[in-house]
Amino acid sequence: MKFKIKKGRHYSSFSLNRFLMFVRSKMSGTARFSYDCLKPVPITGWNKLTGMSSWMIHKNSGRLVWRAKDGKILISAYVYKDGIRNEMLITSVLPDRYYKYSVEYINGFYKFTFNGTTVLMVAGKLGKIKFRCFPYFGGKSTAPEDLFIQI
């Protein structure tokens, strides 16, 4: 699915795949960023690509996140465990290419894989119902341009 985050917004545009809001313990696919995602803006936070969460996203969740830096897209793992956030850099990639990813919840750990590189991080309890996280720009910052992300 192709997601559009409009200039000045946080959330990606509505699409029918938003009805696919529940996930199992593993999700995988491919990701592609448009060149617009490289727009040089001083953003210190992370933009969310995808992941899974409990019903309280800032308490227990695991997400693949990104931000532009020096002409590349940095990819990190981003976990909230019992309300405490931790990050771990995975890799950097170029726009307009397809990259395989997966996010898996296994016995209290998240296993994040992006473009063949894997990291493990301690996770909080998610329970039986897990929610899919959709693309989201920034925390405080909004999208500087119309951005397109395909996952």
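Patches are made of residues with over 30% relative accessible area and no salt bridge, with like charges joined within 9 Å and nonpolar side chains (Val, Leu, Ile, Met, Phe, Trp, Tyr) within 5 Å. A salt bridge is a side-chain nitrogen of Lys or Arg within 4 Å of a carboxyl oxygen of Asp or Glu. The model is predicted, so local features need pLDDT of at least 70 and side-chain atom pairs pLDDT 80 or more, while totals for chains, interfaces and linings use all residues. Residues are numbered from 1 along each chain as its sequence is written, and side-chain values use heavy atoms, with hydrogens and water left out.

**View 1. Phe109, Leu120 and Val122 make a nonpolar surface patch.** The patch covers about 290 Å² (accessible areas: Shrake-Rupley method, 1.4 Å probe; for residues, only the protein chains shown count as cover). Phenylalanine 109 lies in strand 9 (strands are DSSP runs of E, at least two residues, numbered from the N terminus). Its relative accessible area of 40% makes phenylalanine 109 partly exposed (buried is under 20%, exposed over 50%, partly exposed in between; 1.4 Å probe, protein chains only).

**View 2. Tyr105, Tyr110 and Phe112 are linked into a cluster by ring pairs.** Rings of Phe, Tyr and Trp (its six-membered ring) pair if their centres lie within 6.5 Å; planes under 30 degrees apart count as stacked, over 60 as edge-to-face and the rest as tilted. The count by this rule is five aromatic pairs. One of them, tyrosine 105 with tyrosine 110, is edge-to-face, at 5.5 Å centre to centre and 65 degrees between the planes. Tyrosine 105 and tyrosine 110 are both buried.

**View 3. Arginine 67 places its charged end over the ring of tryptophan 46.** The distance to the ring centre is 3.8 Å. A charge sits over a ring if NZ of Lys or CZ of Arg is within 6 Å of the ring centre and within 35 degrees of the ring normal.

**View 4. Aspartate 96 has a positive phi although it is not a glycine.** The angle is about 65 degrees. Aspartate 96 belongs to the loop between strand 7 (84-93) and strand 8 (99-106). With 37% relative accessibility, aspartate 96 counts as partly exposed.

**View 5. Asparagine 107, also not a glycine, has a positive phi.** Here phi is about 45 degrees. The loop between strand 8 and strand 9 (109-114) holds asparagine 107. Asparagine 107 is exposed, at a relative accessible area of 72%.

Key:
Helices (H or I, at least four residues) and strands (E, at least two) are DSSP runs, numbered from the N terminus.
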